[in-house]
Amino acid sequence: MRAVHSGAQPWRLEQLGAAAGFAIDGPVAAVMIRSAASGRLRPALDTILAGSVPHAASYADKLELIALAGLPGEGTRSSRTSLIEALGSLDVPEGSAIAVGPLGQGIGEAAWSMTEARRTLDLAPRTGRAGRPARQVRDADAFGAERLAAESIDAGARRDFVRRTLGPILEHDEQRNSQLVHTLTVWLDSGCNTAQAARELHLERQSMYHRLQRIFELCGGDPRGTGRLVGLHLATRLAPLP
């Protein structure tokens with residue numbers, strides 16, 4: 001687990017993982033918990049892992065508690081989802097945060113999954129999007145766009161893209177202290193489901209329609225059914241990043 005934590009090379013992880021009982025080609029997902037009580041939380045985490053996945057290991061290091069979950073070869077994604085839900089029952093102190101990394105295809109990708117779990121914890125506070133369930137478990141898959149941008153796209157290029165894509169909406173928010181960018185983000189994250197977005201924003205449906213109409217006027221029309229939709233969605237996800 002120290003090798004996973006430090007980002008060891010895949011060949012080394014395959015050697016160590018096999019000795020620790022992990023299937024070399026079996027799917028894995030990393031778990032990272034940042035908490036002042038990392039050592040105290042380890043037994044409870046081990047209990048959750050034992051009841052959720054076929055094989056796991058954990059390691060506490062100062063303010064971080066990490067684990068590697070060996071997932072079953074069949075029903076892998078549903079097993080990972082169940083693990084995320086089970087982690088929501090972990091009684092963590094205020095200020096703690098939990099992330100589950102993306103699926104690694106074999107023990108050699110364990111360090112990559114851990115890196116992405118760590119990146120998710122770094123990015124999540126900037127996005128304003130809460131984790132699920134209630135204990136704020138962040139799913140790295142839900143932050144895929146942000147993780148890719150933070151790793152691969154120059155910060156200046158990100159800012160230019162956001163400005164060119166959302167410029168009029170950003171200006172409206174700055175000048176009128178409105179929340180149109182946030183409204184657009186929630187609407188897009190909901191799959192353009194206006195009723196669901198209104199519930200999440202605690203708005204009357206008519207107020208939601210008025211906001212969307214103003215957004216559409218500023219961004220060049222209703223983006224549904226056009227190639228502009230993906231660009232708008234990406235821009236809203238990148239806007240909170242530095």
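Student: The axes of helix 7 (residues 155–176) and helix 8 (residues 180–189) come within 8 Å and cross at roughly 130°. Why are these two helices called oblique to each other?

Tutor: First, the ground rules. This is a predicted model, where local features need pLDDT of at least 70 and side-chain atom pairs count only at pLDDT 80 or more, while totals for chains, interfaces and linings use all residues. Residues are numbered from 1 along each chain as its sequence is written, and side-chain values use heavy atoms, with hydrogens and water left out. Now the angle: under 35 degrees is roughly parallel, over 145 roughly antiparallel, 65 to 115 roughly perpendicular, and the rest oblique. The crossing is roughly 130°, so helix 7 and helix 8 are oblique. The axes are lines fitted to C-alpha atoms over the stretch in contact, with angles from 0 to 180 degrees between N-to-C directions.

Student: What makes the contact between helix 7 and helix 8?

Tutor: Helix 7 brings Leu166, Ile169, Leu170, His172 and Asp173, and helix 8 brings Leu180, Val181 and Leu184. Contact here means heavy atoms within 4.5 Å. By class, that's 6 nonpolar, 1 polar and 1 charged residues.

Student: Which residues touch the most other members of the largest nonpolar core?

Tutor: Of its 25 residues, Leu166, Ile169, Leu184, Trp187, Met208 and Ile215 do. A core is a set of buried Ala, Val, Leu, Ile, Met, Phe, Trp, Tyr and Cys residues joined through side-chain atoms within 4.5 Å. Helices 7, 8, 9 (194–201), 10 (205–219) and 11 (228–238) each supply at least two residues of this core. Leu166, leaving aside residues up to four places away in sequence, touches Leu184, Leu232, Ala235, Thr236 and Ala239.

Student: Is Gly70 buried or exposed, and how do you know?

Tutor: Buried means under 20% relative accessible area (1.4 Å probe, protein chains only), exposed over 50%, and partly exposed in between. Gly70 has 9% relative accessibility, so Gly70 counts as buried. This glycine lies in strand 3 (residues 64–70). Gly70 touches Phe22, Pro27, Val28, Val53, Pro54 and His55, again not counting residues up to four places away in sequence.

Student: How do you know whether Cys192 is bonded to Cys219 or too far away?

Tutor: A disulfide needs two cysteine sulfur atoms within 2.5 Å. The closest cysteine sulfur to that of Cys192 is in Cys219, 11 Å away, and therefore too far for a bond. Searching the whole structure turns up 0 disulfides. Cys192, at 15% relative accessibility, counts as buried, and Cys219, at 15%, counts as buried too.

Terms used:
Helix = DSSP H or I, 4+ residues; strand = E, 2+ residues; numbered from the N terminus. Nonpolar A, V, L, I, M, F, W, Y, C, P; charged D, E, K, R; others polar.
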